[in-house]
Amino acid sequence: MLTRTRWPYPRILAHRGGGSVAPENTLVGIRAAAGMGFAGVEIDVQLAACGTPILMHDATVDRTTDGYGDVADFSADEMRRLDAGVWFGNEYAGEHVPTLEAAVALCRATGLWMNVEIKADDAVAEETGDVVAREMARLWGDASPAPLLSSFSEEVLAAALEAVPTLPRALLVEAPPGDWRERIARLKCRAICADYRHLTAAFVAEAHASGVAVGAYTVNDPGKAVTLFEWGVEAVITDELRDIRADFLATFGLAPPGGDDAASE
Ligand code: G3P
Ligand code: MG
């Protein structure tokens with residue numbers, strides 16, 4: 001059973017801000033998701049050299065900017081001088097690497113909920129979890145629902161739990177490990193979010209029986225998304241914003257009228 005208590009959040013999230021319709025982890029991507037009616041986005045956050053949280057997926061800036069080098073070697077100001085849009089298309093030239101602060105401001109202004117995936121090497125995992133959790137608490141304030149922090153790093157999640165226990169957390173995994181219950185309990189996570197190819201109906205039922213919500217990434221096939229929602233998966237993260245649209249659940253009769261975050265049996 002899905003309840004508002006377990007998942008009071010949007011159920012379809014635009015991956016890396018704007019999925020495949022705009023350069024990843026940019027403000028133009030987040031604006032695209034908002035413009036397409038999405039209620040929530042997933043973004044990737046890590047620390048720049050100066051300690052400022054910025055949006056970036058990879059450990060280097062090579063793939064998604066016109067620069068080269070490790071993210072950890074650029075301050076947020078230096079990062080801002082890089083072009084984060086032209087690799088995706090000339091029409092996006094001039095797009096910057098956003099700070100988390102700028103991304104939150106945009107999401108708050110457009111009514112988007114955020115799943116903030118925290119990425120960090122082991123050496124900076126504790127610091128990153130601590131800083132990002134405190135920054136999200138400061139920037140988001142008392143708005144409801146709270147943002148969801150997620151990470152593949154249990155060190156990150158442990159630090160986030162210690163820093164701001166009231167911010168909900170999700171453990172990211174490729175395949176659910178055998179001891180997922182213990183890991184989730186230790187980190188007081190609300191959800192486990194797995195590569196959809198490793199999810200089964202039986203696992204979703206087991207997680208729900210333990211009061212744990214289930215997320216699935218990165219689901220780009222509408223038929224697979226239907227199956228996952230039929231299994232009771234709470235949320236899917238997608239690149240395909242045109243195929244797995246904001247109104248996808250209602251279109252397939254998988255959610256009651258009134259929005260994709262409404263409770264359902
Ligand atoms: O948050 C889930 C998903 O984003 C994990 O994959 O590599 O796109 O960050 P990745
Ligand atoms: Mg991610």
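How many residues of strand 8 (residues 213-217) are buried? Five of its five residues are buried, and the strand is mostly covered. Here, buried means under 20% relative accessible area, exposed means over 50%, and partly exposed lies in between (1.4 Å probe, protein chains only). Strands (E, at least two residues) and helices (H or I, at least four) are DSSP runs, numbered from the N terminus.

The model is predicted: local features need pLDDT of at least 70, side-chain atom pairs count only at pLDDT 80 or more, and totals for chains, interfaces and linings use all residues. Residues are numbered from 1 along each chain as its sequence is written, chains are lettered from A and ligands numbered from 1 in the order in which they are written, and side-chain values use heavy atoms, with hydrogens and water left out.

In a regular strand the side chains alternate between the two faces of the sheet. In strand 8, A213, G215 and Y217 point one way. V214 and A216 point the other way. All of these residues are buried.

Two strands pair if DSSP finds at least two bridges between them. Strand 7 (residues 191-195) pairs with strand 8 in the parallel sense, over five bridges. G215 of strand 8 is the bridge partner of C193. Strand 9 (residues 235-238) also runs parallel to strand 8, joined by two bridges. Here A216 has V236 of strand 9 as its bridge partner. From strand 8 the chain crosses through helix 8 (residues 222-231) to strand 9, in a right-handed β-α-β crossover. Right-handed means that, with the strands pointing away from the viewer, the path from the first strand over the helix to the second runs clockwise. Strand 7, helix 7 (residues 201-209) and strand 8 also make a right-handed β-α-β unit.

Next come the nonpolar cores. Such a core is a set of buried Ala, Val, Leu, Ile, Met, Phe, Trp, Tyr and Cys residues joined through side-chain atoms within 4.5 Å. The largest has 76 residues. I30, I43, L100, M114, V116 and M136 have the most contacts inside it. Helix 4 (residues 125-140) gives the most to this core, with six residues. Contact means heavy atoms within 4.5 Å. Neighbours within four places in sequence aside, M136 is in contact with L100, V104, M114, V116, G141, P147, L149 and L167. A second, separate core has 11 residues, including V71, F74, L82 and A84.

The model also holds a magnesium ion (ligand 2), with protein donors E42 (OE), D44 (OD) and E117 (OE). Donors are N, O and S atoms within 2.8 Å of the metal (3.2 Å for Na, K and Ca); water is not among the atoms, so sites may look incomplete.

Nine aromatic pairs occur in the structure. Rings of Phe, Tyr and Trp (its six-membered ring) pair if their centres lie within 6.5 Å; planes under 30 degrees apart count as stacked, over 60 as edge-to-face and the rest as tilted. The W7 and Y9 rings have centres 4.9 Å apart and planes at 85°, so this pair is edge-to-face. Y9 and W113 are stacked, at 4.6 Å centre to centre with 15° between the planes. W7, Y9 and W113 form one aromatic cluster.
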